[in-house]
Amino acid sequence: MTIDWAHFTPWPSLAGGALIGFAAAMLLLLSGRVAGISGIVGGLLRPQRGDVAWRLAFVGGLLAAPAALALLGQGHAPRIDAGFGTLVVAGLLVGAGTSYGSGCTSGHGVCGLSRLSVRSLVATLAFMAAGMATVFVARHLS
Amino acid sequence: MNALFSFAAGLVFGAGLILSGMTDPGKVIGFLDVAGNWDPSLAFVMGGAILVGFFAFRGAGRRGRTFLGGALHLPNRRDIDARLVGGSVVFGIGWGLAGFCPGPALVSFASGVDQAAVFVAAMLAGMAAYALAERLR
């Protein structure tokens, strides 16, 4: 293992992470909800009366974020290697997996660990290990 | 009012994802590639988020209510079952394949990244398949 110093961004990542934690705190302390993206979106696919508006509003805010940051002159340039087929398979796995596992990086990884939930710790270790194994196979064995 | 706060939270959340670098799948895969040229940034993102989140959840737990007096909707399950672990493993495989998880994928979709649109469509299909399977159970 070597450290990728060219791409490692400790301070912006720490600050951006703190902002994510602050957003989760806002949703929790103002709306009483847990900021788990897969759960919020998944709930819209099984809508229940009185439980839709806050979900739509949160997703709306998420979708408005790039435009808001662009106004401040902050862009982002993603590096994406995956082709069409890989994106489709990956999307299906992420959609189904987060539904069966009741959460993703935000719900289990950020909010769950913040709550010291053992269930979320197990989920986080499982998806981290699976992600690392997948990248190992894709990058170093094929 | 509640919807307005939720919108603001989503906006700040998305801004945090962009500023932290997590909307770049190359950075996510760089973190997952522990055997190669490792980019530890994602650990700093989670560290920053959990540091703030820990105090928020502790404060909310002590208050028992939101600042507006509303109810807290917290998960109450504690069981660790095959669905939790199996689902998380399946999610992790998809995450490692493309470098997208749900939040960053939605943000990238909104900033006009074509690949993110493909990923989000497939992700919604995966979630819809689950919702259908649950209804048929």
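These legends walk through several views of a predicted model with chains A and B.

**View 1. Chain A and its run of helices.** Let's begin with chain A, which has six helices and one strand. Going along the sequence, the order of its elements is β-α-α-α-α-α-α. The C-alpha trace of chain A spans about 50 × 40 × 35 Å along its principal axes. Chain A has 142 residues, and 54% of them are buried. Take the contacts in chain A between residues at least 6 apart in sequence: 41% of these link residues at least 24 apart.

**View 2. Chain B and the place of its strand.** Chain B is built from six helices and one strand. Here the sequence order reads α-α-β-α-α-α-α. Of its 137 residues, 57% are buried. For chain B, 35% of the contacts between residues at least 6 apart in sequence join residues at least 24 apart.

**View 3. The largest nonpolar core.** This core contains 90 residues, and A:Ala23, A:Ala24 and B:Phe119 have the most contacts inside it. Helix H1 of chain A, residues 10-31, supplies the largest share of the core, with 12 residues.

**View 4. A closer look at A:Ala24.** Which residues does A:Ala24 touch, leaving aside those up to four places away in sequence? In chain A, they are A:Ala35, A:Val110 and A:Cys111. From chain B come B:Ala49, B:Gly53 and B:Ala56.

Note on methods:
Residues are numbered from 1 along each chain as its sequence is written. Chains are lettered from A and ligands numbered from 1 in the order in which they are written. This is a predicted model: local features need pLDDT of at least 70, side-chain atom pairs count only at pLDDT 80 or more; totals for chains, interfaces and linings use all residues. Helices (H or I, at least four residues) and strands (E, at least two) are DSSP runs, numbered from the N terminus. A residue is buried if 20 or more other C-beta atoms lie within 10 Å of its own, exposed if 12 or fewer, and partly exposed in between; C-beta atoms are placed from the backbone. Two residues are in contact if their C-beta atoms, placed from the backbone, lie within 7 Å. A nonpolar core is a set of buried Ala, Val, Leu, Ile, Met, Phe, Trp, Tyr and Cys residues joined through C-beta atoms within 7 Å.
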